[in-house]
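Visitor: Please pick one part of this model and take me through it slowly, with the cut-offs spelled out.

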Amino acid sequence: MTSTIAGRTTPTAVRAATAATYAAFIGSGFAFASWASRIPQIRDRLELDSAALGLVLLAVAVGSLLALPLSGPVVTRIGSARTVRAMAILLGVGLTTAALGSLIGVVPVVIGLFLLGFGNGAWDVAMNVQGTVVERHLARSIMSRFHAGFSLGTVAGALVGAAMVALHVEVAVHLAAVAVLVVIPVVWFTRRFVPDHDGTEQDEAGQDGAEQPRGGGALTAWREPRTLLIGLFVLTFAFAEGVGNDWISVAAIDGHGVSAPLGTLAFAGFLTAMTAGRWFGPGLLDRYGRVRVVRTIALIGILGVAVFVFSPVPSLAYVGALLWGLGASLGFPVGMSAGGDDPRRAAARVSVIASIGYCAFLAGPPAIGFLGHHITVLRALVVVAALLGLALLIAASVRPLPAVQPASDEAADRAA
């Protein structure tokens, strides 16, 4: 967080960029949750069994996996504003194609989902890069609040999706409308993004936030020990978040013997605690520094998982779910902030960190399913605590770089 860029951009422009970044995060969450809310109807319409549906959904993962490593060079070349704009349009095309495919057949659905996954992956990296830029301008740790905005977007998308199902609105109509309602505002808001470069040299960047590659190519970031360690750090928290999203309800129902509605309540508690942690986390990060805070929340997460897994009564398991959600809240956004400490290398580093971290979202759920088949899902969740223990050991990797570290954070991190 430097003072140099703060002098190059007006406070009004920074406030506008902050609002625009929130819009990008919320829009991304809303679009993706809207699609997810209609999966059962598309499955039934196309008469897919579980195996076939799994293969169809794999198209999203393939698109994201291709986009994440490629997005670093793209953002470096054309800037986060243009990247979010282009990927929002691509996501809208993919969502509409998948929507129309629900009326036609499996092939257009797969094509649409691939485009949706690709657009969402590159959009994710670009908006995180812009988030790190806004953080530096504000000299405050607000990245986690942007991620809280994404969470709110997913909740809104799920609620609207549930309403569309209840009202018997056709999938194609619903998702095509979502594509329009998301793409147009996001494209408009990206005009308010601030340039990704640090403003120290006028010839470093072009118009609309595009910047020229500096500090080595995108592949260089894959050889940086700090960047790889941050990626591993993010992976541990992404694993905790992804497994909680996919398995906490099942574990509560099968492991603790609660009813389906009460199992969903455990999931709701997990999400609520995670969103709250992301919203209120910036004050703690600014006061105590990244390292101390992430070590603390990792310990809280370990405690939460242990309580959830080994609780002798269901009521105590809900406390564990809350602590688990709180413990999983800040790792991913803090890792994104750490990747963007140096504005010249932010796009490449955030791309690498996101690529590593998102592997947990893809591999975590099936890994727990495999272990759960042998030792029960509830006991398999101990792996989450083990990975958060690894996060404790490598938490120092997210310490701000000396050149961009504010005095208060430096003192707090030294104390940690």
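Guide: The expected span of a helix is 1.5 Å times one less than its number of residues, and helices here are DSSP runs (H or I, at least four residues) numbered from the N terminus. The model is predicted, so local features need pLDDT of at least 70 and side-chain atom pairs 80 or more, while totals for chains, interfaces and linings use all residues. Numbering starts from 1 along each chain as its sequence is written, and side-chain values use heavy atoms, without hydrogens or water.

Let's look at H5 (143–166). Its 24 residues should span 34 Å at 1.5 Å each, and because the end C-alpha atoms lie 35 Å apart, the two values agree. Buried residues (under 20% relative accessible area, 1.4 Å probe, protein chains only) of H5 include Phe146, His147, Gly149, Gly153, Gly157, Gly161 and Met164. The buried residues of H5 pack, with heavy atoms within 4.5 Å, against H1, H4, H6 (171–189), H8 and H11 (331–339). Just beyond H5, His168 has a positive phi of about 60°.

Now the largest pocket: its space is about 1,600 Å³, filled by probe spheres set on grid points joined across faces, edges and corners. A pocket is an open set of points on a 1 Å grid over the protein atoms alone, where a 1.4 Å probe fits, with protein on both sides within 12 Å along at least five of seven lines; lining residues have an atom within 4 Å of a point. Of its 43 lining residues, Thr154 is among the closest to the centre, with Phe32, Ala36, Asn245 and Asp246. H5 is one of the elements giving two or more residues to this lining, while H1 gives the largest share, 8 residues.

Terms used. Buried < 20%, exposed > 50% of the residue type's maximum accessible area, 1.4 Å probe, protein only.
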